[in-house]
Structure formats: structure tokens, C-alpha cells
Amino acid sequence: MPEINPLAIAQQQLDMAAEKLNLDPGVHAILREPMRTLEVNFPVKMDDGTVKVFKGYRAQHNDAIGPAKGGIRFHQSVNMDEVKALSMWMTFKCGVLGLPYGGGKGGVVVDPRTLSQSELERLSRAYFAAISSIIGPDKDIPAPDVNTNPQIMAWMMDEYSKYSGGVCHPGVVTGKPIIAGGSLGRSEATGRGCVIIIREAAKRLGLSLKGATAAIQGFGNVGGATARLLAKEGVKIVAIMEIDGGIYNPDGINPEDVLEYRKKAGTINGYPGCREIGNEELFALGCDILVPAAMENQITKENAGQIKAKLVAEAANGPTTPEADEILSKNGIMLTPDILTNAGGVTVSYFEWVQNFMNYYWTEEEVNSRLEQKMVEAFERIYQMSQDYQVNMRVAAYMASISRVAEAIKVRGWA
Ligand code: NAD
């Protein structure tokens with residue numbers, strides 16, 4: 001169990017917005033817990049012939065608006081409360097973007113770095129088979145998250161289709177490889193969406209992206225794409241932090257080069273022209289934009305006071321604790337919340353799902369321009385709400401989203 005319980009945080013964030021909205025107590029109670037959770041223990045044959053039993057979870061927070069939607073992560077610290085919190089954030093993320101989904105999330109307790117490729121395939125298939133009774137293209141549609149990727153989605157889709165009387169169901173997962181029904185633009189959609197939100201927020205701050213400086217924590221799918229696309233907008237990336245160390249160069253780092261370097265070196269450490277930095281120093285850097293793109297609970301009451309950035313863009317899910325949120329607000333630092341900032345991924349997942357049902361596929365330009373439109377609209381709606389109610393962007397995002405889900409709950413007669 002992590003030190004700071006993400007479910008308690010998600011519930012606290014909900015409670016705060018519920019109070020501002022004067023939310024119906026019945027609706028509030030429905031939204032405080034996922035409507036369905038499943039814990040599975042499933043066997044996997046390892047390469048050496050032994051059998052190991054792994055633990056996995058799936059949580060479906062709410063499906064008042066549509067089927068549950070949300071990623072699957074493979075990580076040694078996955079636990080039920082984390083999965084529940086992440087499923088809750090997904091409901092509100094889909095609400096912020098106005099997507100016809102509720103929230104879901106799943107995970108397996110495993111460090112995938114300890115598995116061979118064939119063990120990873122057997123584990124992915126076995127987990128999906130174990131949760132398949134509650135999954136389906138119009139029930140619950142998983143996608144990649146931490147340590148899962150398009151290949152894993154392809155195995156999961158294949159596994160599901162096997163048990164469906166030979167019917168191919170590409171719409172059962174999103175984030176698939178293009179050849180297996182994936183959408184163009186999906187792989188970098190979360191990062192692209194983050195950059196759109198950063199651009200819109202910077203406009204409100206009067207900050208020009210050309211020459212602005214940024215520090216990125218977590219250089220994976222989301223952090224890597226965000227850094228690369230920010231650099232294209234003229235932002236100078238001065239620091240990148242990874243799990244095993246960070247690099248800093250006040251004159252700027254080329255993220256494309258770092259990605260190439262890591263392919264060969266297996267780490268970003270030792271990248272030429274940079275000096276090493278740690279997480280605390282990264283947060284305290286006097287740069288304009290800070291992008292936490294790694295894991296939950298990174299910005300806490302211990303380090304929030306040191307943050308000097310003008311804008312914190314939450315690319316990761318749940319990187320800021322509520323106490324830290326307050327400190328940032330007090331210090332006049334603008335924060336764009338996770339459920340808005342990183343919603344580009346689920347938005348293009350939605351486009352992928354729509355394309356799967358239509359069996360007609362869009363060009364990358366079409367995907368990107370629809371993403372741009374949805375993200376800008378969502379930003380404007382949430383920013384306006386924060387101004388109208390004099391609340392920070394997180395509370396505004398929750399308020400907008402909860403109102404939408406509450407309306408569906410009411411109209412369906414649940415409360
Ligand atoms: P990823 O596994 O590709 O990347 C995460 C990176 O963070 C890894 O490179 C890891 O080494 C690094 N990391 C982990 N702990 C760290 C630490 N303490 N300090 C510095 N670096 C650390 O995962 P991802 O898909 O990029 O997801 C990152 C975050 O974004 C997660 O919170 C995830 O839930 C969220 N997210 C992902 C997507 C998506 O489309 N992949 C969509 C929305 C939100």
C-alpha cells in the first residue's frame with residue numbers, strides 16, 4: 001500500500017467539488033466508490049516450467065454515461081485502492097472531455113522487467129481471460145497504461161476474440177497496433193493533448209512558448225511525447241528525470257536525441273552535455289513549466305513549496321496531493337489537472353473505438369485536428385468555470401464533470 005492512499009485523495013477531490021456543487025447526497029454516495037471491482041488470481045507458466053500465480057484487478061467506477069473505459073498497468077505496487085482511484089479519475093476525465101464513457105482501470109501486480117517476452121504474452125492473455133466476464137466492446141474497454149503497450153493490447157484483443165465464437169472484436173481494447181485496428185495518432189495522443197493544454201494555459205498566463213523552459217519528470221510514453229512536441233513548439237527542455245536519475249542542461253536538451261541515446265544506453269544517465277540532478281532539485285528549478293509525467297504522489301506538501309514554475313501540467317495521473325494542491329494555489333502557480341491535461345489519450349482511444357465500429361479509418365491529420373478541437377473546447381470550458389466560480393482548475397474540472405455524470409445518474413433514475 002503506498003504511503004498516501006490515492007483512493008482517499010480521489011474521494012477528497014470529489015468531496016470538495018460536491019460541496020461547491022451542492023451535489024445530491026445520493027449521487028455523491030454513488031460516486032464515492034466504484035460500482036464494480038474484481039480481484040483475480042491467475043496462473044502463468046514460466047519459461048523454466050514452474051507455475052506462478054499473479055494477482056490482478058479491474059475496477060469499474062461508473063457507467064451512467066457509457067461503458068467503462070481505462071487503462072491496464074503492470075507494476076509491482078499495483079493495489080486495489082490505486083486501481084479504484086484511477087477508475088474514478090477516468091470517470092471524471094471522460095466527463096471533462098464529454099466522451100460517452102464511464103471510468104475503469106485495471107492492473108496486475110508484476111514487475112514486467114522480470115519477465116521474458118513469452119512470459120509477458122502468457123501473463124497478458126491470462127489476465128485478460130480472467131477478467132473477460134466483465135469486459136466487452138460495449139461494457140468495459142481497456143487501454144495501455146504504465147508498462148503496457150500496443151503489443152499487449154493486440155494479445156488481449158486476440159484472447160477476447162478467441163472466446164467470442166470466432167468474431168473479431170477490435171473494439172474491446174484501444175491503443176492497439178495500427179494493423180490490428182489501432183488509430184493513427186494514438187501512440188502520441190496523450191503527449192499531444194498535454195501540449196495543447198500547456199499552450200492554452202500559457203496563453204492565459206501571457207507566457208510565450210517560444211523560449212519558455214520546461215522540466216519533465218518521467219520520460220516514458222507520455223513524458224517522452226510531451227517533451228518532443230513541446231520542443232517542436234520552441235520550448236527549451238532543461239531537465240528530464242527518470243526513475244534511475246535525471247539530467248539537466250540550462251541551455252536545453254534535445255528530447256529526440258535523448259530518446260535515441262536511451263535506445264542504445266538503456267538509460268538517460270550519462271547523456272552528453274548535462275549534469276545529474278535528483279527529483280527535489282528538478283521540482284525546485286526556476287523553469288516556466290513543470291510536467292510531472294511519471295506516477296502518483298510526486299508533488300507533496302514536502303516539496304510543493306519549493307516549486308517555482310509558473311505552470312504545472314499534470315501529465316501523469318494523480319501526481320499532486322491535496323495539501324500540495326493548496327500550496328501551489330496559494331503560491332499563485334497555475335495547475336492544469338490530470339483529468340484535463342492527459343485526456344488526449346482517452347480521447348483518441350474513443351476515436352479508435354468509433355473507427356473500429358465504423359470499420360472506416362481516419363487519416364492522422366483528421367485524428368489530430370479532432371483531438372485539437374476537443375482539447376481546446378474542454379480547456380476553455382474548465383478555465384471559464386474556474387473563473388466563474390473562483391476555484392482552481394482541478395475543482396472546476398471536477399465540477400464540470402460531476403454535473404454531467406450526475407445528470408445521467410438522475411435521468412436513469414439511480415438517485
Ligand atoms: P510509462 O511507463 O511509459 O512511463 C513512465 C515513466 O516514468 C517511465 O519511463 C518510468 O521509468 C518513469 N518513472 C517512474 N517513476 C518515476 C519517478 N519516481 N521519477 C522519475 N521517473 C519515474 O507510462 P506512461 O504511459 O507514460 O504513463 C505515465 C503517467 O501518465 C501515468 O500516471 C499514467 O497513468 C498516465 N497516463 C498515461 C496515458 C497513456 O496514454 N499512456 C494516458 C493518460 C495518463
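Begin by selecting N297, which is placed in the loop between β10 (289–292) and β11 (311–313). In this predicted model, N297 has a phi near 55 degrees, a positive value in a residue other than glycine. Is N297 buried or exposed? With a relative accessible area of 17%, N297 is buried, because residues under 20% are counted that way.

Then move to Q390, whose phi is likewise positive in a residue other than glycine, near 55 degrees. Q390 is found in the loop between α13 (364–389) and α14 (393–411), and at 66% relative accessibility Q390 counts as exposed.

Next, select the ligand together with its surroundings. Of the 25 residues around the ligand, those that come nearest are D145, T190, V222, E242 and N317, and the residues of this shell divide into ten nonpolar, ten polar and five charged. Switching to a surface view, note that the ligand on its own has 830 Å² of accessible area, of which the protein covers 86%. If you colour by secondary structure, the elements that give two or more residues to the shell around the ligand are α7 (221–232) and β7 (236–242).

Now turn to the aromatic rings, of which a search of the whole structure finds twelve pairs. One to display is the pair formed by W353 and F357, which is edge-to-face, with 5.1 Å centre to centre and 85 degrees between the planes. How are W353 and F357 separated along helix α12 (residues 344–358)? They are four residues apart in that helix, and therefore separated by about one helical turn. W353 is buried, with a relative accessible area of 13%. Extending the selection, Y101, Y350, F351, W353, F357 and W362 form one aromatic cluster.

Technical notes: Residues numbered from 1 in each chain as written. Predicted model: local features only at pLDDT ≥ 70, side-chain atom pairs only at ≥ 80, totals over all residues. Heavy atoms only, no water. Near = heavy atom within 4 Å. Areas by Shrake-Rupley, 256 points an atom, 1.4 Å probe, with all protein chains shown as cover. Nonpolar A, V, L, I, M, F, W, Y, C, P; charged D, E, K, R; others polar. Phe/Tyr/Trp six-rings, centres within 6.5 Å; stacked < 30°, edge-to-face > 60°. Buried < 20%, exposed > 50% of the residue type's maximum accessible area, 1.4 Å probe, protein only.
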